[in-house]
There are 2 protein chains.
Amino acid sequence: MRPARPQRSCREAGSTVRMRRVAIVGSGMSAFGARAETPRELFTEAVHEALGSVDRGLALGDVEEAWVGSLGFGGAQLGNLGAYLVEQAGGPSIPARRVENACASSGFAVRDAYLAVASGAVDVALAGGLEKMTDLTPVHQRYWLGVSGDTAWERLAGATFPGVYAMIARRHMHEYGTTREHLASVAVKNHAHGAKNPKAQFRREITLEKALSAPTVAAPLTVLDCCSTTDGGSAMILASEARARALTDTPVWIEASAAATDHLALHDRASLTTLAATERAGRAAFERAGLGPRDVHVAEVHDCFTIAEILAMEDLGFAKKGEGGPLVASGATRLGNDLVVNASGGLKAKGHPLGATGAAQVHELFLQLRGAAGPRQRAGAEVGLAHNVGGSGATCAVHVLRRG
Amino acid sequence: MRPARPQRSCREAGSTVRMRRVAIVGSGMSAFGARAETPRELFTEAVHEALGSVDRGLALGDVEEAWVGSLGFGGAQLGNLGAYLVEQAGGPSIPARRVENACASSGFAVRDAYLAVASGAVDVALAGGLEKMTDLTPVHQRYWLGVSGDTAWERLAGATFPGVYAMIARRHMHEYGTTREHLASVAVKNHAHGAKNPKAQFRREITLEKALSAPTVAAPLTVLDCCSTTDGGSAMILASEARARALTDTPVWIEASAAATDHLALHDRASLTTLAATERAGRAAFERAGLGPRDVHVAEVHDCFTIAEILAMEDLGFAKKGEGGPLVASGATRLGNDLVVNASGGLKAKGHPLGATGAAQVHELFLQLRGAAGPRQRAGAEVGLAHNVGGSGATCAVHVLRRG
């Protein structure tokens with residue numbers, strides 16, 4: 001691995017700009033699952049854990065501005081939701097907004113908070129996310145999930161998310177020989193990891209046989225190829241270099257933040273089996289960090305369906321196109337290896353409260369890079385990557401982090 | 001007026017950080033009103049006008065990232081709405097997200113795009129907003145408006161926005177002697193301005209008598225004290241100093257961007273007659289710009305109800321508390337005076353497509369500061385202020401602009 005670079009710089013449009021460094025100094029998440037608590041309680045739980053994790057302490061009043069990712073699932077307090085959640089967490093005078101990019105909402109909230117600190121406008125920022133999904137009836141859940149995919153050509157034609165990802169999986173099988181076993185091995189690994197995460201929604205291992213014989217949702221995807229309906233909140237504190245050094249001896253640096261988009265509807269895309277937004281965001285993030293896939297010790301990737309983790313392995317450069325399935329099935333990305341993927345359990349086992357997921361991925365990296373991930377710790381983890389996708393690949397945020 | 005300062009700097013948390021300067025180099029908006037077009041067509045109309053207004057031309061492909069404000073009214077494409085609108089405008093590979101802060105959504109979108117350019121991460125950014133409101137039934141309109149106020153204590157108790165602002169107006173009348181004539185004079189002025197704006201929803205003057213005798217919506221507010229239901233889109237191009245100088249000879253500089261929040265529910269606030277978020281954001285913006293209320297030539301303030309413009313006059317420092325009504329009624333903020341308020345017609349006459357409003361306010365300033373506002377031009381305008389409020393004052397974004 002190349003040595004850490006002391007200064008961030010960013011080449012764009014022909015000019016090199018020196019950006020301020022930004023660190024994560026605290027992070028938290030609620031337990032994920034079917035939670036009886038209200039949205040504000042779940043978000044507050046995450047915020048208070050984040051504040052409590054700052055080595056030398058931080059009060060919510062020290063936070064200068066906030067970005068909260070949420071799809072606003074259910075819509076009880078849909079408008080001004082960001083300000084509402086921050087108010088209810090105890091910070092009514094912290095400027096806040098909601099960031100929405102479907103399931104990538106809080107990946108983009110982290111990016112926007114990062115940009116604000118990097119700009120010099122604020123020194124201490126809050127980024128997080130929230131979704132409360134289990135209160136709704138299945139019909140309403142389908143509606144709120146559906147509105148994140150393409151509406152005109154997919155949702156209104158009846159294509160749900162499992163259906164869309166099933167089409168992607170079918171095509172990947174056709175083009176590259178990916179098998180049901182490859183898909184199932186993603187679920188088996190992530191459940192094994194989730195079993196070691198006390199905040200995961202599903203804390204139990206599953207066998208390959210069980211995954212393969214589970215009821216079909218949309219062929220070839222079974223219920224164990226799909227992430228679940230989850231409630232949860234996530235939050236973290238970002239700080240400028242000077243504030244980070246004052247607040248903690250264990251900062252986690254954001255080495256790079258990158259974002260990309262693609263067409264919402266599958267039929268508009270260049271390929272069914274490559275998520276171009278992931279490819280572009282991953283490449284940009286590695287370039288800005290001066291790192292590559294082989295430098296990464298822990299990756300949290302967007303496994304909303306098992307096929308999605310296989311795509312992520314390929315599109316982020318961890319495997320060649322078509323070799324994502326065999327890579328996961330080989331066990332090379334399980335705990336105990338150089339690269340551990342979805343040590344948290346991923347969306348599959350940790351759960352996927354849409355707007356909370358992006359920041360929760362970064363939260364896992366924060367724990368891993370501080371050596372605080374307990375039984376799921378990747379020993380000596382120094383570099384982490386978080387990969388958050390919205391819709392069926394339309395939006396993507398990638399962050400590369402490094403232990404301070 | 002004090003001379004322009006060549007460099008932005010920002011004192012926060014005890015340290016002075018030099019921020020990159022950011023200019024608006026192009027701006028556009030769709031005509032506002034009951035439009036037959038789809039959401040994507042309205043947003044595209046604004047984006048193309050913005051690109052076309054860049055002196056030396058700009059292609060959408062030159063935009064590096066985008067922030068789109070919308071409440072997502074109606075929800076046909078609720079998730080990934082930012083990416084969808086930018087895709088449909090012709091930029092499927094421009095990283096985009098939706099920013100939601102109720103009616104302050106695109107004020108915050110402008111702020112977040114500003115922070116991104118100021119950070120050095122991007123040199124050319126798109127900020128805008130969109131709302132398509134007139135397709136919905138009145139019941140659904142009430143729901144989508146209602147979700148932006150406090151839900152637990154106000155919406156579910158039956159308090160609609162007119163009701164909430166009526167309570168504020170009543171209390172303002174009680175405390176300061178504000179009259180129905182003061183309120184009506186806001187509507188008369190803004191309709192007079194709107195009559196000169198070819199893109200305004202209502203392009204006709206009204207008399208004080210007509211305003212006073214209009215049907216009551218929530219006493220003391222009549223239908224002519226309330227803004228309307230509107231469709232519309234807005235968009236602008238922000239650029240770093242180097243890119244701005246290359247793209248245009250007439251940049252409009254963002255001298256300051258500030259944001260603030262307050263409790264969502266009225267009963268939690270320190271006062272019914274002061275919007276604390278406006279007060280804080282206004283003060284911060286003036287301080288960062290090194291300017292004060294007397295330096296402003298054109299102000300676009302958030303007049304969702306006539307009482308709201310009176311509050312804005314006071315809370316932004318244009319009038320002492322309690323003197324906002326007499327100030328407007330005196331005619332001192334009409335076209336032809338030193339300070340012109342809501343030359344565009346304001347939300348009242350120009351229309352208020354929620355998520356599009358904040359950026360549309362900045363658009364009016366862009367025209368005014370370039371001397372391109374036609375019959376509603378404030379001659380020699382050099383400094384402008386945009387004031388965008390979400391909910392009944394819970395969120396606020398203020399921008400101070402200056403002619404280049």
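Predicted model: local features only at pLDDT ≥ 70, side-chain atom pairs only at ≥ 80, totals over all residues.

Residues are numbered from 1 along each chain as its sequence is written, while chains are lettered from A and ligands numbered from 1 in the order in which they are written.

**Exercise 1.** Work out what helix α3 (residues 105–119) of chain A should span at 1.5 Å a residue.

*Solution.* Helices are DSSP runs (H or I, at least four residues), numbered from the N terminus. The expected span is 1.5 Å times one less than the number of residues. For the 15 residues of α3(A) this gives 21 Å, and the end C-alpha atoms are 21 Å apart, which agrees. Just after α3(A), A:Gly120 takes a positive phi of about 95°.

**Exercise 2.** Find how many residues each chain brings to the contact.

*Solution.* Two residues are in contact if their C-beta atoms, placed from the backbone, lie within 7 Å. Chain A brings 57 residues and chain B 56. On the side of chain B that touches chain A, α3(B) gives the largest share, six residues.

**Exercise 3.** Determine which rotation superposes chain B on chain A.

*Solution.* Superpose the copies by least squares on the C-alpha atoms of residues with pLDDT of at least 70 in both. In chain B, the C-alpha of B:Ser119 is nearest the axis, 1.7 Å from it.

Methods. Helix = DSSP H or I, 4+ residues; strand = E, 2+ residues; numbered from the N terminus.
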